[in-house]
Amino acid sequence: MKKIIIIALFVIGTLHAYAQEQEAPKLYTLPSPFDRYTHYLATARLTGAMPVGSFADNYIDKASFRNYSISLEWVLRDSPFSLGGELGSSFFEKRIPRAIYENGDETISAVQTRTLSQIPIEVFGNYHFLGKNSTVQPYVQLSGGVSILDYTLYYGNLSSQAQKVRPKYGIGLGSKFLFKRDGAFGVDVRVKYDGVSYKHEYIDKGISSVNGSIGLFYRWW
Amino acid sequence: MLKKASLLILAAAFGIMSCSKDPISDLSTEETLVYVTNHDKAANYTQYKTFSIVDSVLVVENGQAGTALTELDRDVLVRIMTNMEKLGYKYVRPQDKPDVGINASWISNTYLNVVSQPLSNYYGGYWGGGGFGYGYPNYYQYYQTNENYWLISMLDFKNPNTVDKTFNVVWDAQIRGAGINDRQFVDTMVDSIFGQSSYLKIN
């Protein structure tokens, strides 16, 4: 805060000197600090995820609402881009009533509980279509990273588990909504396609899902 | 400012990782039961007409065997007989040369496990992926796990392997899960293993 006051005083001072020769300065038209500086923006998101593709067909097709993430990004000055990192947690689960599974010569009758939990760690780049102080800021996002995943398939209360770190990527479309112009807080809404390359038992062509998230962000410089 | 933010993010990350819940805690006892059956695909079950069954349950605990006949055991044996008769086999006494014999065993294994503290595969075990572990001193802790299951097998007395002096197991079934030592589930358990083995039917 002190820093801001000093900067503000300094700005006012120099402008004042400048104004001696020029016409009176329009202080209120000075661009906002969010326009002038590269600033930070942190977002916490709650996500609803819908499995798609062969992951949904072969393993879990049930939507999940137990997904969270936090991200930190650098909103670059004089550029429509921002770069950042996102860390999340996602969990898919599906219960299948008692059924008979043939496994070679073996016949297994059990209630299956299929689960997949992931800790995705990604870096991302956003391209914003409108200015940093527009109350609506639509963006497109490209992300890439790894997913620390845990595939646990339960037969009754017996489990078979596989853990792996696999590459992942994502394409998103979203928008930030500032609560007030030039403000620090806002809401972030995003729809994102996530793909993880993974192959194990029931999952033969990777894990893909369409995720809708709603987040709260705070920005500062 | 950034430092503070990163700390916050780290704290949140730990929060995220520790909030996983047990996905099978809502299973009923009946739902935890798992029935696994195997059979000899070459066996022709229609050649068998008679069967017999052990008069008590073989209890195998950590490789040491004994026999027992509790009320639970008796329920299991009686239910197996009911199912075999329903499939068309005729009960004969063991000394009357049955075509097949049924064994029922209760297998119980206890394992002693050792872990170093903190339980690295539980909290924050994910950080170990980069080849780095925790810098804590090692505290070791022991814990026991126990597995119990029923093993029911069908032996071919009609065609003994004279070379090896063995009887072939032509069918076997394992019953695992919570509630396998509960008399309430005996009928469900035994009916299930025979129910999923329709090839045993000879009538």
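A:Glu106 stands opposite B:Asn38, a residue of strand E1 of chain B. Strands are DSSP runs of E with at least two residues, helices are runs of H or I with at least four residues, and both are numbered from the N terminus. Two strands pair if DSSP finds at least two bridges between them. The model is predicted: local features need pLDDT of at least 70 and side-chain atom pairs count only at pLDDT 80 or more, while totals for chains, interfaces and linings use all residues. Residues are numbered from 1 along each chain as its sequence is written, and chains are lettered from A and ligands numbered from 1 in the order in which they are written.

The contact between the chains takes 29 residues from chain A and 29 residues from chain B; two residues are in contact if their C-beta atoms, placed from the backbone, lie within 7 Å. On the side of chain A that touches chain B, E4(A) gives the most, with ten residues. The residues of this side divide into 18 nonpolar, eight polar and three charged. Here Ala, Val, Leu, Ile, Met, Phe, Trp, Tyr, Cys and Pro count as nonpolar, Asp, Glu, Lys and Arg as charged, and the others, Gly among them, as polar.

Chain B has four helices and eight strands, in the order α-α-β-β-β-β-α-β-β-β-β-α along the sequence. Strand E3 of chain B, residues 57-61, runs antiparallel to E4(B), and five bridges join them. Within this pair, B:Glu61 has B:Gln64 as its bridge partner. Two residues lie between the strands of this hairpin, and B:Asn62 takes a positive phi near 50 degrees.

How many of the five residues of E4(B) are buried? The count is zero. A residue is buried if 20 or more other C-beta atoms lie within 10 Å of its own, exposed if 12 or fewer, and partly exposed in between, with C-beta atoms placed from the backbone. In chain B, buried residues make up 23% of the 203 residues.

The largest nonpolar core has 37 residues, of which B:Ile80, B:Ile175, B:Met189 and B:Ile193 touch the most other members. Such a core is a set of buried Ala, Val, Leu, Ile, Met, Phe, Trp, Tyr and Cys residues joined through C-beta atoms within 7 Å. Helix H4 of chain B, residues 186-195, gives the most to this core, with five residues. Not counting residues up to four places away in sequence, B:Ile193 touches B:Tyr35, B:Thr37, B:Ile152, B:Ala173 and B:Ile175.
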